[in-house]
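Below is a short report on one protein chain. The sequence and the model come before the discussion.

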Amino acid sequence: KNSSRHDFRLKFDVPAKVKRAVLYVTGEDTTAAWIGGVQVLKPQTQPAWGRTPWKSYTRVGGIPELHSGTNLLAIEVTRFSAGDHGQAPMSAELYIEMADGSSKVLHTGAPEWKTQFNAPGDWHDESYDDAGWSQAVAYAPEKDAFGGQDKLGDPLPTAAVAACSCASAAR
């Protein structure tokens, strides 16, 4: 099969010691995720029936890689069949609760997201130079914003449901 990868990076600052964090992510057709260069989510294989519903969020909890200071969230969306359209939609939210009781929510739609099509090398590593990457553009769904549930059946936070999706520029 002729698949394509759409890679996204977000550098962000965490102001204090992290107590807990939860990542919600979905992409068309499957996603992988790294925090601080450590893989926290492996992609699903292509199912026999062709595609997985990309609007189903995967929940990743227990993320010890987050720390106070600068962090990196890297997300790879693999489209099983590249087809003739070059954009793969992705939506993510990272909820971070600090030890002091404060919290921070990061989601797609923020202008700091960078994207590259089929990025070479260890692009998910913190030391990778992404200066040549493009700014991710907002993905405009054909229908209203979607809701969803994580794999445990818990509803997603409102901010995740309302978040814009990012799409990598076609190359």
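Are Y128 and W133 buried or exposed? Y128 is buried, and W133 is buried too; buried means under 20% relative accessible area, exposed over 50%, and partly exposed in between (1.4 Å probe, protein chains only).

## Basis of the model

This is a predicted model, in which local features need pLDDT of at least 70 and side-chain atom pairs count only at pLDDT 80 or more, while totals for chains, interfaces and linings use all residues. Residues are numbered from 1 along each chain as its sequence is written, and side-chain values use heavy atoms, with hydrogens and water left out.

The pLDDT (the predictor's confidence in each residue, from 0 to 100) averages 79 over the protein chain, and 73% of the residues score at least 70. Confidence is highest in β4, at 95, and lowest in helix α1 (residues 158-162), at a mean of 35. Two stretches stay under 50. Over residues 143-147 the model has 9 contacts beyond four places in sequence; over residues 149-165 it has 39 such contacts. Contact means heavy atoms within 4.5 Å.

## Overall make-up

The protein chain has 1 helix and 12 strands. Helices (H or I, at least four residues) and strands (E, at least two) are DSSP runs, numbered from the N terminus. In order from the N terminus, the elements are β-β-β-β-β-β-β-β-β-β-β-α-β.

Of the 171 residues in the protein chain, 45% are buried. The accessible surface comes to about 8,700 Å², and carbon and sulfur atoms account for 50% of it; the areas come from the Shrake-Rupley method with a 1.4 Å probe, and for residues only the protein chains shown count as cover. Among contacts between residues at least 6 apart in sequence, 78% join residues at least 24 apart.

## The six-stranded sheet

An open sheet is formed by 6 strands in the order β4-β3-β6-β1-β9-β10, with antiparallel pairing. Two strands pair if DSSP finds at least two bridges between them. β4 (38-41) and β10 stand at the edges with a single partner strand each, so one side of each has no neighbour in the sheet. Strands of a sheet pair through backbone hydrogen bonds, either parallel or antiparallel.

Strand β1 (residues 4-14) has 8 of its 11 residues buried, so it is largely enclosed by the rest of the structure. β1 pairs with β6 in the antiparallel sense over 11 bridges, and S4 stands opposite R79 in β6. With β9, β1 pairs in the antiparallel sense over 4 bridges; here R9 stands opposite K114. Strand β6 (residues 69-79) is also joined to β3 by 6 bridges, again antiparallel, and A32 has E76 in β6 as its bridge partner.

## Aromatic cluster

The whole structure holds 3 aromatic pairs. W34 and W123 form one that is edge-to-face, at 5.4 Å centre to centre with 75 degrees between the planes. This pair links distant parts of the chain, since W34 is in strand β3 (residues 30-35) and W123 is in the loop between β9 (114-117) and β10 (134-135), 89 residues apart. Both W34 and W123 are buried. The rings of Y128 and W133 have centres 6.0 Å apart and planes at 70 degrees, so this pair is edge-to-face. Rings of Phe, Tyr and Trp (its six-membered ring) pair if their centres lie within 6.5 Å; planes under 30 degrees apart count as stacked, over 60 as edge-to-face and the rest as tilted.

One aromatic cluster is made up of W34, W123, Y128 and W133. R9 lies over the face of W133, 5.9 Å from the ring centre. A charge sits over a ring if NZ of Lys or CZ of Arg is within 6 Å of the ring centre and within 35 degrees of the ring normal.

## Local backbone features

The peptide bond from E28 to D29 is cis, with omega near 15 degrees. D29 is in the loop between β2 (18-27) and β3. N118, in the loop between β9 and β10, has a phi near 50 degrees, a positive value in a residue other than glycine. N118 is partly exposed, with a relative accessible area of 33%.

## Surroundings of V105

V105 lies in strand β8 (residues 103-107) and is partly exposed, with a relative accessible area of 38%. Leaving aside neighbours within four places in sequence, V105 is in contact with E93, L94 and Y95. The C-alpha atoms of V105 and V22 are separated by 9.8 Å, although the two residues are 83 apart along the chain.
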